[in-house]
Amino acid sequence: MGICLSTDSTPRKNHSKYVNQSTTNTDSSNRWSRVRSSSSGSNNKKEKKKLDDAVIREHAIAAAILFQQHQQQNGGVLPFDRSTSLRHPPANSKRHQQGLPRSSSTRPRSVTDPLVPPQQLLNQDVNVDELETNHIVLVHGGGFGAWCWYKTIALLEECKFRVTAIDLTGSGIDLFDANSIKSLSQYVTPLTDFLEKLPDGEKVILVGHDFGGACISYAMELFPSKVAKAIFIAASMLKSGQSTLDMFSHKENTNDLMRQAQKFLYANGNNLPPTAIDLDKMLLRDLLFNRSPAKDVALASVSMRPIPFPPVLEKLSISDSNYGSVRRFYIETLDDNAIPVTLQEIMINESPPEKVFRLKGSDHSPFFSKPQALHKLLVEIAKIT
């Protein structure tokens, strides 16, 4: 969640390697639509059931034959980076003339983020035993909670990763009042307590979204030996001596929508500084979820909590010997209305990570708008040696 004021800043040269996240279209992928049996007019239920069973068997046999052919043609590997539903071609297309079956679903799928069963994901062959760590810790952004990662958790666990999603103080189901949080250390206590209790020699991959970037940075400084990698997703990636407010006050961040959505709370009185920031529920979709499914927007509208203000103001103190020793990766969200990609690139240029990935078609919340593509990137980064 960005706070929009205005200061000057000149981005430095970016030394990070960029990787575009995209999917490959394959013409050889075959999908079978739901079998809709038709009655010949007979009222005999047994005869109808026999007919249905026969049709189903025929489709199953045909599907098995196509599957075998596909394996032979592709070396035994299926390209599962397309949607599980076949896109129905135009009436005048060659594929339509060949009589390919239509999808049983009429909802449009995103080409860059196919909806495929988790067990069929491209990265399903990952051997977690060969990774430096298979334990991923997810840290939400300002106003969010551990609940926002539900799709990511399910996908990672299907691939045998260990996943921990943290509720920061005053977030998610944590009952502490956000207006009473006084510091960044208090806000991230659930995360630092978790890392402190990790057995010696055990490492995790920290993933921070939005303001969660500052939170994992704080934790990296305290526990560098327990963090194998850090992944920033449209997140505040700060320099030492810089606050999240400083970063989001760049003159390049002329975000009128963010200003309209912000509602400052003054639990200590209007004559004192704000204690928290709330977001206008009417503007949530346009600001944070402009590419996300309606059901996820509805979930967020009843689950988001106020963002404590003092941690946003606090300047981060990090060192090269601790924070700087952890490998960092950044995932840009290219259709982000909350933290525009221009601002993300300023942070990347000022503090270059090891590699930068781009999520096309993602809003500020890729765990909702691009869960499959985000999952693939997380797995890919986990596999980097």
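In helix H3, Lys151, Thr152, Leu155 and Leu156 meet Pro371, Gln372, Leu374, His375, Leu378 and Val379 of helix H14. Here, contact means heavy atoms within 4.5 Å, and helices (H or I, at least four residues) and strands (E, at least two) are DSSP runs, numbered from the N terminus. Sorted by class, this contact has 6 nonpolar, 3 polar and 1 charged residues. For those classes, Ala, Val, Leu, Ile, Met, Phe, Trp, Tyr, Cys and Pro count as nonpolar, Asp, Glu, Lys and Arg as charged, and the others, Gly among them, as polar.

A quick word on what you're looking at: this is a predicted model, where local features need pLDDT of at least 70, side-chain atom pairs count only at pLDDT 80 or more, and totals for chains, interfaces and linings use all residues. Residues are numbered from 1 along each chain as its sequence is written, and side-chain values use heavy atoms, with hydrogens and water left out.

Back to the helices. H5 and H6 make another pair: Leu191, Thr192 and Leu195 in H5 meet Cys215, Ile216, Tyr218, Ala219 and Leu222 in H6. That contact divides into 7 nonpolar, 1 polar and no charged residues. Here are the two pairs together:

| Helix pair | Residues | Angle | Axes apart | Crossing |
|---|---|---|---|---|
| H3 and H14 | 150–158 and 371–383 | about 50° | 10 Å | right-handed |
| H5 and H6 | 189–196 and 212–222 | about 35° | 10 Å | right-handed |

The axes are lines fitted to C-alpha atoms, for helices over the stretch in contact, and angles run from 0 to 180 degrees between N-to-C directions. A crossing is right-handed if the near helix is turned clockwise from the far one by less than a right angle, and left-handed if anticlockwise.

Gly213 is buried, with a relative accessible area of 0%; buried means under 20% relative accessible area, exposed over 50%, and partly exposed in between (1.4 Å probe, protein chains only). Setting aside neighbours within four places in sequence, Gly213 touches Gly208, Phe232, Ala235 and Ser236. Between Gly213 and Thr244 there are 9.3 Å in space, C-alpha to C-alpha, though they sit 31 residues apart in sequence.

Two residues have a backbone worth a look. Most residues other than glycine have a negative phi. Lys160, not a glycine, has a positive phi of about 70°, and Ala234, not a glycine either, has one of about 45°. Lys160 lies in the loop between H3 and strand E3 (162–166), and counts as exposed at 60% relative accessibility. Ala234 lies in the loop between strand E5 (227–233) and helix H7 (244–247), but is buried at 0%.

Then there's H12 (residues 341–350): 7 of its 10 residues are buried, so this helix is largely enclosed by the rest of the structure. Among those buried residues are Leu343, Ile346 and Met347.

Zooming out, the protein has 14 helices and 10 strands. Buried residues make up 49% of its 385 residues. Of the contacts with a separation of 6 or more, 77% join residues 24 or more positions apart.

How confident is the predictor? The average pLDDT, which is the predictor's confidence in each residue from 0 to 100, is 79 for this protein, and 66% of the residues score at least 70. Over residues 22–43 the pLDDT is below 50, and this stretch has 39 contacts in the model beyond near neighbours in sequence.
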